[in-house]
Amino acid sequence: MASSTFLFCDSIYDERMRWFRDIILASNGTGTSAEPVDIRIFLTGDALFSLVDARTRPAWNAVSAIPSVQVIADADELQLQGLYDPVVSGCSHVLISGADHGGLFWERLVAALKDEWTGTKSAAFLLCNSPYMSRVPVYMLRFLSGVRSAGLSPELYTYLDGVHTLHDGQRPSEFENIGRGVAALADSAALAGRDAWFAACSRCATARGYYQMNPGTGFCEPASCIQGITIRPLKEILARFSGDHPIISHGGGMTVHGKGAGARIPHLAVFITYPPYCTEWAFGGLSLAIAAAMGGIRTTVVFIEDGVYALHGTHQVPGNDKIFNIQEMIAVTTDVEGLSYAVHVPSLAERGIGISGDLSLVREVTNDELARIMFRPGLEGTTPAMRIIFF
Amino acid sequence: MSDVMDKHEPRDFTELTCTNLMIKLKILLSKLPTGNQVAFFATREQVDNTCAPFSGQGYQVSWKQEAENRYLVRIGK
């Protein structure tokens, strides 16, 4: 039987809630699978507001009432955000997890992943958000502490603004010290005989000044970096994605068939949800997806929500600008083996836009087809696991 | 064969990842008229992993060491 685990830390607006509800319903009885998929959805951070928001609450109630679906809310964060009472009284099917509620949220998540990925020796967090501006690094520490407590080796892959975790000398006056937390985690894992594998993407670290060229040698060296995180090429980090262990991030999930990844390399689905240029999310997601495919991981890029703007119109980079033309990136990589592109039709329809004629190789997908991408029903033991990451 | 990419001086691609350099080159070469070439600076790793494989795709690839871990690469069509 297939099972999926999702973690959402960021806001879930009504558009995402609608298509997510529809694919959950599609995976549980409308033809994509002979039997329902066991789905566990863990909510923390800003995602918790969607449980009480009138625009999204009905969909959560519909989803959480499905017998094969469990929605688990982080009790500590509910209390922090003043949501505890409304969720207890208004969301009868939502399971609340905390110290006084059947075990800590993060330990429950680790236990779920350990159960799905039978025999795994490690579990990883892909961190794309910077400390202090975002609370996601705090969740990363809680998750990886739970990983260590469960007897697994913690792995951390920092990417995009997540590489700011590297910065030496962090001294937040009001927040948990993320740099110190990572160093302590690496030390305690080593003491327990479980080596931590903590890495930062070299492209992202170079851009942010943590990996500087030594003019004497012509090679880059770490600058102002904490111990415990090694700067590595993205392809080395992505090589870990071929392994038989769970990887979570601020938004996304995994589907396994039977227990664990099995003999085949897990597939990857990258969901591009942001517009193309004003943040690094779209480029970062696309860059990671292409590199993964070139590293032998079968990868599907799905443009969805505001991510569909990457495909609309004809983009032209001004001569004095230094930025990748996202449409050109897509056009020249449609021949990369194991890489495919898809666009979510309801997202296009909602915005009243179409895709550029030059991008005809981007496949249009409905919610049912999206459900098949995410849950890929198939024979137990022969269908590869699927990793899903939202950018 | 003439350089069309940069009429003044070759661009520095040494800080691109191998994947992003591959994408950049595919974009540049797709716009390159036959008989012309692109010239740029790359690292040894980029030369080996990304630039050299273009010779198997019908392009003429050459490089010259300019400094420690810095090569001037030319790819012609």
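Two residues are taken to be in contact if their C-beta atoms, placed from the backbone, lie within 7 Å. Among contacts in chain A between residues at least 6 apart in sequence, 76% link residues at least 24 apart. The structure is a predicted model, in which local features need pLDDT of at least 70, side-chain atom pairs count only at pLDDT 80 or more, and totals for chains, interfaces and linings use all residues. Residues are numbered from 1 along each chain as its sequence is written, and chains are lettered from A and ligands numbered from 1 in the order in which they are written.

Chain A contains 13 helices and 17 strands (DSSP runs numbered from the N terminus: H or I of at least four residues for helices, E of at least two for strands). Along the principal axes, the C-alpha atoms of chain A fill a box of roughly 65 × 55 × 40 Å.

An automatic or database assignment divides chain A into domain 1 (1-116), domain 2 (121-243) and domain 3 (261-391). The C-alpha centres of domain 2 and domain 3 of chain A are 26 Å apart. Nine residues from domain 2 of chain A and 13 residues from domain 3 of chain A make up the contact. On the domain 2 side, helix α9 (residues 234-239) of chain A gives the most, with four residues.
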